[in-house]
Amino acid sequence: MSRPMPRASGYFRTDYRRDLGLVETRLEWTSLALFIVALLAFPFLASPFHLDLACQVFLAAIGSLSLMLLTGYAGQISLGHAGLLAAGAFTVGILFREVQAPFWLTLPAAALVGGLLGILFGLPSLRLRGLYLAVSTLALHFVVVYLGGEYETRRGFSTGITIDPPQIFGRALTSNRAWYFILLVFAAATLLICVNLLRSRTGRAWGAIRARETVAEALGIGVAGYKLLAFVISSAITAVAGALFAYYRGFVSVEAFSLFLSISYVAMTIIGGMGSLLGALLGAVFVTLFPYVIEAGLLALPGAQRYAGQLFAVNYSAFGLVMILFLVFEPLGLVGIWHRIQAYFLLWPFKHRPLSGSRK
Amino acid sequence: MQLIVNIVVLAAIYALISCGYVLVYRVSRVLNLAHGELMMLGAYLLLSTAGLFAGNPMAAIAVALLLSLTVGILVYVLLMRKMTGEMVLAAVLTTVALGILLRGLVVLVWSAQQQNPAQPLAFTNAAIELPGGGRISIFAGILVLVTAATYAVVFAFLRFGRWGVRMRAAGQNPLLAAQRGVNLHAIYALAWSLSTLTGSMAGMLIALDSGLDSTMVIIGLKAFPAALVGGLDSLLGALAGSLIVAAAEVLAIHYIDPLLSDVVPFLVLIAMLAVRPWGLFGTREELDRV
Amino acid sequence: MTEALLSIEKLEVVYQRAITAVQGITLSVRAGQIVALLGTNGAGKTTTLRAISGFLGIDDARVTQGTIMFRGERIENRPPNEITRRGIVLVPERDKVFPNLTVAENLVAPVARGVGAGERAGREALVYRFFPQLGDLKNRIAGLLSGGERQMLALGSAIVCQPELLLVDELSLGLAPVVVEDLLHRLLEIKSELGITILIVDQSAASALEIADYGYVMENGRIVLDGSAERLRGHQDIQEFYLGQTGDTRRSYRDVKQYRRSRRWYG
């Protein structure tokens with residue numbers, strides 16, 4: 001994520017501390033403050049249904065951010081995201097069932113398992129690129145899901161593993177509002193981690209690898225190490241997302257981690273806008289809320305009652321259609337649309353920016 | 001003996017499906033991940049035409065094949081054409097999205113129940129006794145023959161004449177191919193329609209053999225490791241890969257664990273990717289000369 | 001007066017609907033000429049050639065204004081294979097061969113307009129005659145060829161398409177001067193034997209002006225000077241900025257000014 005250039009309105013950064021700051025102008029501070037106030041006030045104003053939606057969005061955002069790190073910034077395509085979510089969820093499930101582990105053990109354990117799996121998922125990236133890498137992550141996803149299914153069958157949890165809500169200071173965590181704040185904290189932390197990671201040497205190395213791998217290697221960037229690092233960090237975060245998902249739902253089952261889930265996350269990065277953390281967030285919001293919007297829209301139509309029974313199929317079709325529309329017409333996603341709008345206003349009345357001549 | 005029969009039948013299934021993957025990949029470097037869904041669509045089309053031409057099975061099959069050819073051309077003209085010359089990965093994701101769309105549409109139009117086109121067509125799927133003690137159902141046998149015939153025809157088409165080379169050239173560098181006079185849209189449309197046709201044939205035969213429901217897509221998905229193991233742009237590779245993957249799967253189910261059936265193709269895939277990513281007979285891509 | 005084979009008028013090319021790469025250029029090429037298009041990096045030369053030979057989707061570029069006329073017909077915004085079929089063939093700057101095909105396959109792949117199999121074979125033989133080295137390399141994978149061999153193969157595969165107008169983009173880029181000389185001579189041979197017209201783009205003005213009859217100089221998407229090759233070679237600004245000649249005396253660093261003398265395209 002590149003820092004925007006200094007503003008033309010006379011705002012300049014005059015020391016290093018300012019240069020490192022994330023929020024600069026007064027306008028940015030005010031907007032951020034308002035946004036935080038809105039986020040904090042939301043659970044007290046919204047219905048439980050909406051609270052649940054918000055929690056789902058936060059969960060999706062964590063997974064989406066980690067996928068964006070891997071695919072949008074490090075340039076390593078991964079279709080196996082659901083497998084990593086499953087790994088995190090199953091770690092929680094297995095540890096809970098076998099040894100009754102509390103959440104402050106299972107979450108780090110999930111992160112660890114995620115990291116280790118990340119190494120496994122990342123090994124092909126040392127030899128493969130592009131389509132072949134995507135295919136290898138897909139294959140690994142199937143293997144992970146198969147292992148999860150094996151565990152379920154062997155241990156007799158044919159319908160899935162139920163998990164008790166985590167105990168904090170002796171009280172079970174069941175309130176929607178409490179979950180909202182906890183997930184908000186996790187999502188915000190993930191965002192902060194991502195932002196800072198991208199501003200660091202690691203982020204720059206990833207950018208170089210994504211742009212031209214051979215040249216990055218020639219410049220002395222340890223490409224293999226950074227690729228694996230991308231996979232490890234991304235997978236660890238994803239596994240934690242999966243673990244949180246398990247606790248939130250109270251239930252782990254291998255059917256939830258289908259190929260469609262992987263594709264949903266990839267869709268989040270595309271619809272949001274590849275190569276942008278804001279895109280990851282926007283994509284997460286869009287894809288999570290999409291089925292509910294479709295359902296609401298369907299119920300609002302006059303003759304739609306007979307389709308209500310096939311809501312699942314309608315969701316599928318609509319989702320596929322929207323994804324196609326974005327891929328064909330706006331490959332830069334929602335962020336791309338936003339930039340186009342910005343450019344229109346900034347360049348007006350000119351239509352295009354000439355290459356270089358007119359700047360003299 | 002029965003094991004060998006099973007391997008041959010499964011290999012034929014994978015080979016016929018892989019033919020479609022190879023055709024599209026060779027010409028555009030796109031892995032058509034909607035192939036499984038297109039296959040399923042072909043089978044459902046047969047179901048409909050079987051209902052329409054209840055007394056005339058040949059007409060039903062012919063019309064269904066014609067329809068699937070049209071579907072292939074439409075998929076290219078309406079959708080993939082817009083991705084011509086764009087990044088390959090975007091095109092692959094477009095096929096994934098197309099697959100999702102088709103899956104939803106199929107359930108909406110035809111419902112998710114299991115059905116069998118053999119019923120309206122009044123076909124019976126008897127089992128034939130083979131010398132050596134194995135048994136094979138009629139439709140499985142037909143499938144093997146159709147696969148062999150298809151491969152013979154496509155081989156001949158690609159070998160004699162320059163279009164085999166031109167397809168590979170278009171796959172490697174579409175811009176240069178266009179600049180050397182190759183009509184990209186025509187060659188892509190051809191590849192997509194042939195690919196959908198062979199996929200639909202596979203779908204129809206599988207449906208006639210063992211019924212049709214929306215899980216057929218999984219077979220389509222399991223076939224692409226076969227294509228990859230052999231080399232995504234090589235027809236010969238698709239045959240070899242299908243045999244290897246089918247053998248591995250049947251033997252694993254028989255000797256180790258029946259649950260492995262869905263995973264084995266992907267394990268073979270991982271093994272091949274680790275050793276020789278471009279497959280047994282594929283063109284070695286990504287020469288690292290800067 | 002011979003009519004122009006190719007005539008471009010007030011051409012404007014826009015990338016990604018946002019960036020104008022070529023801002024209204026006008027040039028013409030007469031049959032049998034060799035015309036050079038000179039300029040520094042980013043002047044818009046390659047874009048002009050690409051505009052003539054056609055864009056594909058991935059370029060996200062479009063001719064938004066102006067016309068390109070070939071033999072009196074407008075050809076802008078047509079797909080590349082149509083343009084090739086009309087007789088304009090481009091030898092690109094990058095990606096000029098099919099890297100995973102052999103040399104022989106590279107010559108099989110192009111589509112020659114309206115020829116039978118016999119004539120086609122004759123065409124390929126012609127290429128091997130112009131570039132004997134390719135004959136020894138028939139089964140070599142094209143991606144593993146050296147720079148000069150690759151350029152020869154690129155020219156050869158362009159010839160197979162039976163061009164009337166050959167567009168050559170950056171012939172000399174990355175090649176040793178000896179190799180460049182050799183290629184230029186062969187280009188002249190090809191031109192005189194096959195009667196092709198050539199539009200050559202090059203950053204190395206010396207190479208291009210060596211064989212050209214006429215030249216245009218582009219900067220920042222505009223044409224700033226044109227004239228016959230002798231006139232260009234003798235022009236002071238061309239000499240200083242493109243040919244690197246600043247008079248006979250040696251200059252010391254003290255005399256080098258911090259700013260460049262601005263180019264006055266007069267005279």
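Student: Is the crossing of α11(A) and α12(A) left-handed or right-handed?
Tutor: In this predicted model, the crossing of α11(A) and α12(A) is right-handed.

Student: And which residues make that contact?
Tutor: From α11(A) come A:S264, A:A267, A:M268, A:T269, A:I271 and A:G272, while α12(A) brings A:G279, A:A280, A:L281, A:L282, A:G283, A:A284, A:F286 and A:V287. Sorted by kind, the residues of this contact divide into 9 nonpolar and 5 polar, with no charged ones.

Student: At what angle do the two helices pack?
Tutor: Helix α11 of chain A, residues 259–272, and helix α12 of chain A, residues 277–300, pack at an angle of about 120°, and their axes are 7 Å apart. Because of that angle, α11(A) counts as oblique to α12(A).

Student: Switching to the two chains, how many residues does each give to the contact?
Tutor: Chain A gives 33 residues and chain B gives 33 residues.

Student: Which elements of chain A touch chain B?
Tutor: Those that give two or more residues to that side of chain A are α6 (130–154), α11 and α13 (311–329). The residues on the side of chain A that touches chain B divide into 24 nonpolar, 6 polar and 3 charged.

Student: What about confidence, say the average pLDDT of chain B?
Tutor: Chain B averages a pLDDT of 85, and 95% of its residues score at least 70. Among the elements of chain B, helix α5 (residues 118–121) has the lowest mean pLDDT, 70, whereas helix α11 of chain B (residues 235–255) has the highest, 92.

Methods: Residues numbered from 1 in each chain as written. Chains lettered and ligands numbered in written order. Predicted model: local features only at pLDDT ≥ 70, side-chain atom pairs only at ≥ 80, totals over all residues. Axes fitted to C-alpha atoms, helices over the stretch in contact; angles between N-to-C directions. Helix = DSSP H or I, 4+ residues; strand = E, 2+ residues; numbered from the N terminus. Parallel < 35°, antiparallel > 145°, perpendicular 65-115°, else oblique. Left-handed = near helix turned anticlockwise from the far one by under 90°. Contact = placed C-beta atoms within 7 Å. Nonpolar A, V, L, I, M, F, W, Y, C, P; charged D, E, K, R; others polar. pLDDT = per-residue confidence, 0-100.
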